[in-house]
Amino acid sequence: KTISADAIPEVYLRIEQQDLEEMVGNLMENACKWAVLRIEVSAQSAENGEMLIHIDDDGPGLRKDERGEAMKRGVRLDESAPGTGLGLSIVADIAGMNGGSLTLDASPEGGLRATVRLRRA
């Protein structure tokens, strides 16, 4: 699998480094598990003073009705794949505790796009 990342601008976020690493690590683990060939990581500044971190894969993705379920603690939508069902809920919890959020959408790569929204310092 190929992982590529856009040049991420140097910014300061209102979050502890270990929390950010935990979130991105969980999202990358999911992307690597489900991607067929490609994972794309990018970040962009939002107009409201927030930073958006996107992790896109070219895997099977999730239907719209599955995306909210996938973020619930302990929920596993595919029991055939390894995992605990905790990763996305942990990311959502950490983002929320830091004034941010996690959203799941369709990816331009064809699979799933996970977007973490965080406040800049």
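Visitor: How many residues does α1 have, and how far does α1 reach from its first C-alpha to its last?
Guide: α1 has 18 residues and reaches 26 Å from its first C-alpha to its last, close to the 26 Å expected at 1.5 Å a residue. The expected span is 1.5 Å times one less than the number of residues. Helices (H or I, at least four residues) and strands (E, at least two) are DSSP runs, numbered from the N terminus. Please note that this is a predicted model, in which local features need pLDDT of at least 70 and side-chain atom pairs count only at pLDDT 80 or more, while totals for chains, interfaces and linings use all residues. Residues are numbered from 1 along each chain as its sequence is written, and side-chain values use heavy atoms, with hydrogens and water left out.

Visitor: Which residues of α1 are buried?
Guide: Met23, Asn26, Leu27, Met28 and Ala31 are the buried residues of α1. Buried means under 20% relative accessible area, exposed over 50%, and partly exposed in between, with a 1.4 Å probe and protein chains only.

Visitor: And what do the buried residues of α1 pack against?
Guide: They pack against β1 (2–5), β2, β3, α3 (87–97), β4 (101–106) and β5. Contact here means heavy atoms within 4.5 Å.

Visitor: Why does Leu20 count as partly exposed?
Guide: Leu20, which lies in helix α1, counts as partly exposed because its relative accessibility is 23%. Leaving aside residues up to four places away in sequence, Leu20 touches Leu13, Ile15, Ile53 and Leu118. Leu20 and Ile94 are 74 residues apart in sequence, with 8.3 Å between their C-alpha atoms.

Visitor: Ile94 brings up α3; which residues are buried there?
Guide: Ile94 is one of the buried residues of α3, along with Leu88, Ser89, Val91 and Ala95. The cover over these residues includes α1, α2 (64–70), β4 and β5. Just after α3, Gly99 has a positive phi of about 75 degrees.

Visitor: Changing topic: what volume does the second largest pocket have?
Guide: Its volume is about 190 Å³. A pocket is an open set of points on a 1 Å grid over the protein atoms alone, where a 1.4 Å probe fits, with protein on both sides within 12 Å along at least five of seven lines; lining residues have an atom within 4 Å of a point. Points are joined across faces, edges and corners, and the volume is the space filled by probe spheres set on them.

Visitor: Which residues line the second largest pocket?
Guide: The lining consists of Ile8, Pro9, Val11, Leu13, Leu20, Val24, Val41, Ala43, Met51 and Ile53. α1 (17–34), β2 (38–45) and β3 (50–57) each give two or more residues to this lining. By class, the lining has 10 nonpolar, no polar and no charged residues.

Visitor: Why is β3 described as largely enclosed?
Guide: Eight of the eight residues of β3 are buried, so β3 is largely enclosed by the rest of the structure. Glu50, Leu52, His54 and Asp56 point one way, and Met51, Ile53, Ile55 and Asp57 the other.

Visitor: In which sense do β2 and β3 pair?
Guide: The pairing is antiparallel, over seven bridges; strands pair if DSSP finds at least two bridges between them. Asp57 in β3 is the bridge partner of Ile39. β3 is also joined by seven bridges to the antiparallel strand β5 (residues 112–119), where Arg119 stands opposite Glu50.

Definitions and conventions: Ala, Val, Leu, Ile, Met, Phe, Trp, Tyr, Cys and Pro count as nonpolar, Asp, Glu, Lys and Arg as charged, and the others, Gly among them, as polar.
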